[in-house]
Amino acid sequence: MTEAAIDAVFPLPAEEGIGDARIAELYSAGAESTWVRVNFVSSIDGAATRQGLSGGLSNDADHRVFDILRRLCDVVLVGAGTVRAEGYGAMRVDEVSQRARRSAGMTAHPVFAIVSAGLDLDVSSPIFREAPERPIVVTTGLSRADAREALAEVADVVVCGEERVEPRRLVETLVARGLTRIHCEGGPHLFGDFIAADAADELCLTIGPTLEGGVASRISAGAAPILPVGMRLAHVLRSGDTLLLRYLRRG
C-alpha cells in the first residue's frame, strides 16, 4: 500500500502579522466573477454552536476575517432562522471597508439577502428600516401572499422555487441583479441545500480551539448530495490556537 504524502502543516509560508490588505488578497485569489462563498465557525470537535449560537464560538481573529469577507462581496446571504437566532441588524460594514469597497467600484455596503420559506420576518425590524441597500427576501411559491405583499414595502421579494428555495435558481436570480460575489453566512440547513445542489464554490471555516461536547449541530444539515463534493485546501491562516481554513471546489 502506497503511503500518502503528508505536507507541512501550513501549505503557504508562515506570515507574521499580515495586514488586512494581504488577507483580502488571499481570499480573492481563485475566485471567479460568479462565486458562492460560505463562511462558518466550528469547535475542534465539530460543534457549530455554543448554547445555540455560532457567535459563542467566534473570537477576534474570526471577526477580523468575517469583516473582510463581507468587504469583498456583493451580497450577504443568510437563512431567516440564523438571522433571528444571531440577532442580525441592518447590513452595514465599517468605514474602512466602505472606503475599500468604493475604491473597488462597489456599493458602500453589501446587499442583505434573507432566505425564508415561511416569511416570519418583522417588517419593522432595523434589518429593513435601517438598510443602506434595499434588502432581498428569497422565498417559495407556497409562501403567504399577504406576507409577500407586506415585505415588498421594505424589500425586494423574489420566489426561487415552488415548495422550497432552489439554490441554483437563487444564485441565478442574484447574478441577474449584478450580485455575482455571493457570501453565505448560514445557517446549516441553507448550507446543506447548497451542498446537495452542488452550488457552493468555497468554504471558509474557522476552527476555534475548544471542545464543546453536547448535542450542538454541524455546520451543514439536511439532504446529502448524490456524491460528496470534493474540495481543495487553498490556505490556512493561524492566530494563536485558532485556524482559519479556506477550501475551494476542485476542478
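# Exercises on a predicted model

Not counting residues up to four places away in sequence, Pro225 touches Ile195 and Ala196. The model used in these exercises is predicted.

**Exercise 1.** Decide whether Thr49 is buried or exposed, and list what Thr49 is in contact with beyond its neighbours within four places in sequence.

Solution. 
1. Thr49 belongs to the loop between strand 1 (35-43) and helix 2 (60-71).
2. The relative accessible area of Thr49 is 17%. Buried means under 20%, so Thr49 is buried.
3. With neighbours within four places in sequence left aside, the contacts of Thr49 are Ser54, Leu57, Ala216 and Ser217.

**Exercise 2.** Which residues of helix 1 (residues 20-28) are buried, and how do they fall when seen down the helix axis?

Solution. 
1. The buried residues of helix 1 are Ile23, Ala24, Leu26 and Tyr27.
2. Viewed down the axis of helix 1, these buried residues fall within an arc of 160°, so they line one face of the helix.
3. Identify the partners: the buried residues of helix 1 pack against strand 1, helix 2, strand 7, strand 8 and strand 9 (242-249).
4. Look just after helix 1, where Gly30 has a positive phi of about 90°.

**Exercise 3.** Describe how helix 2 and helix 4 (residues 95-103) pack, giving angle and axis separation, handedness and the residues that meet.

Solution. 
1. The angle between helix 2 and helix 4 is about 30°, and their axes are 9 Å apart.
2. Angles under 35 degrees count as roughly parallel, so helix 2 is roughly parallel to helix 4.
3. The crossing of helix 2 past helix 4 is right-handed.
4. From helix 2, Asp67, Arg70 and Arg71 take part; they meet Val96, Ser97, Ala100 and Arg101 of helix 4.
5. Sorted by class, this contact of helix 2 with helix 4 has 4 charged, 2 nonpolar and 1 polar residues.

Definitions and conventions: Residues are numbered from 1 along each chain as its sequence is written. This is a predicted model: local features need pLDDT of at least 70, side-chain atom pairs count only at pLDDT 80 or more; totals for chains, interfaces and linings use all residues. Side-chain values use heavy atoms; hydrogens and water are left out. Helices (H or I, at least four residues) and strands (E, at least two) are DSSP runs, numbered from the N terminus. Buried means under 20% relative accessible area, exposed over 50%, partly exposed in between (1.4 Å probe, protein chains only). Contact means heavy atoms within 4.5 Å. The arc is that of the directions from the helix axis to the C-beta atoms. Axes are lines fitted to C-alpha atoms, for helices over the stretch in contact, and angles run from 0 to 180 degrees between N-to-C directions. Angles under 35 degrees count as roughly parallel, over 145 as roughly antiparallel, 65 to 115 as roughly perpendicular and the rest as oblique. A crossing is left-handed if the near helix is turned anticlockwise from the far one by less than a right angle, and right-handed if clockwise. Ala, Val, Leu, Ile, Met, Phe, Trp, Tyr, Cys and Pro count as nonpolar, Asp, Glu, Lys and Arg as charged, and the others, Gly among them, as polar.
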